[in-house]
Amino acid sequence: MIEFHPVTKHIGAEVTGVDLRKPLSQEEVATLREGWLRHLVLFFRDQHIDDEQHLQFALNFGTLNHPAFKKDADSPIHVLDQTSPRGEGGDEWHSDNTFEPTPPMGSLLRCVQLPEVGGDTCWANTYLAYESLSKPLQRLCDELTAVHDITMSMKKAISKGHPFDLAEIQAKWPPIERPVVRVHAETGRKALFVNRSSTTRLVGLTDRENEALLPLLIDHIRSPEFQCRLRWRPGTLAFWDNRPTQHYAVADYTQRRRMHRVTINAFPEHADK
């Protein structure tokens, strides 16, 4: 029987009673989806699966998303292989690819190889980040939109030696405006939807107002009571909802850390309207 064991009061649960090497029944998929929507990120321990099993598990919950900067465009698996992660972008609180017209719904990240110590990942509950704002600030945020732009993260990647053509990338993904408060397509709950990696300004506010309010909202998401932290082990898989969460890859290691990820888009019935 599938069971969920919360790791904090507000976000994250370890899942037992399921073997990801085997196809899932419709009932099992429905149970896992309900738990995922409730806990926002699920952790599966001791699941020593291969890439094909990883992919098939992911496709129970959405359609395949091809990340913007994946080196092997033909493979459904995005390999994250790092030894010097500081400043690469993962070590900032973010939701994935909010600069895209339709950001991915979720990701399933599997641990393959770890350094001797370090390399944890943290997640934050952005429903709670919104709900814990004062009512006047909630009302203001409800009315605001923000610009999401790929430029900041690309400049950082280029400075780290990645051979990207900034002008070409900016033409492919021009800045886009999104609501500061996102309404989840499945739960109807409101979540704060700004992040340090991609959000550049609040639309309609002066520069001085932006300098005060945008950092406040972004930093608010870092409150520890909104968070959980995962200590990885080989064979651990994390499955998170990209819509009401942000995550942070702790860049505290200098040995090899290799992770395999499948990213998914929402099925039409679960997509934003």
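Biologist: Which residues does V15 touch, not counting residues up to four places away in sequence?

Modeller: Before the answer, two conventions apply. This is a predicted model, in which local features need pLDDT of at least 70 and side-chain atom pairs count only at pLDDT 80 or more, while totals for chains, interfaces and linings use all residues. Residues are numbered from 1 along each chain as its sequence is written, and side-chain values use heavy atoms, with hydrogens and water left out. Contact means heavy atoms within 4.5 Å. On that basis V15 touches I2, E3, F4, L32, L42, F43 and F44, with residues up to four places away in sequence not counted.

Biologist: Which residues of the largest nonpolar core touch the most other members?

Modeller: In soluble globular proteins, nonpolar side chains tend to be buried together. A nonpolar core is a set of buried Ala, Val, Leu, Ile, Met, Phe, Trp, Tyr and Cys residues joined through side-chain atoms within 4.5 Å; buried means under 20% relative accessible area, exposed over 50%, and partly exposed in between, with a 1.4 Å probe and protein chains only. The largest core here has 25 residues, and V15, L32, F44, F57, F239 and I264 touch the most other members. At least two of its residues come from each of β2 (13-16), α1 (26-39), β3 (41-44), α2 (51-58), β14 (237-241) and β16 (257-265). These elements are DSSP runs numbered from the N terminus, helices being H or I of at least four residues and strands E of at least two. Helix α1 gives the largest share, 4 residues. Another core, of 24 residues, lies apart from it, and C122, A129, Y130 and V250 are among its members.

Biologist: In what order do the strands β8, β9 and β12 form their open sheet?

Modeller: Two strands pair if DSSP finds at least two bridges between them. Here the order is β9-β8-β12, with antiparallel pairing. Because β9 (176-179) and β12 (199-202) are edge strands, each with a single partner, one side of each has no neighbour in the sheet. From one strand to the next the twist averages 35°. Strand β8 (residues 145-148) pairs with β9 over 4 bridges, and V147 stands opposite E177 in β9.

Biologist: At what angle do the axes of α4 and α7 cross?

Modeller: Two packed helices are described by the angle between their axes and the distance between the axes. Axes are lines fitted to C-alpha atoms, for helices over the stretch in contact, and angles run from 0 to 180 degrees between N-to-C directions. The axes of α4 (residues 135-143) and α7 (residues 207-220) come within 13 Å and cross at roughly 105°. The two helices are therefore roughly perpendicular (65 to 115 degrees; under 35 counts as roughly parallel, over 145 as roughly antiparallel, and the rest as oblique). L137, L140 and C141 of α4 meet L213, L216 and L217 of α7.

Biologist: Where does T98 lie, and with which side chain does its own make a polar contact?

Modeller: T98 is in the loop between β5 (78-82) and β6 (106-113), and it is buried at 1% relative accessible area. A polar contact is a pair of N or O atoms within 3.5 Å; within protein, one must be able to donate a hydrogen and the other to accept it, and residues adjacent in sequence count only if both atoms are side-chain atoms. The T98 side chain makes one with the side chain of N195, at 3.2 Å. Setting aside neighbours within four places in sequence, T98 is in contact with P103, H148, I176, R178, F193, N195 and S198.

Biologist: What phi does N97 have?

Modeller: N97, although not a glycine, has a positive phi of about 55°. Its place is in the loop between β5 and β6, and its relative accessibility of 18% counts as buried. L40, also not a glycine, has a positive phi of about 75°. L40 lies in the loop between α1 and β3 and is buried, with a relative accessible area of 1%.
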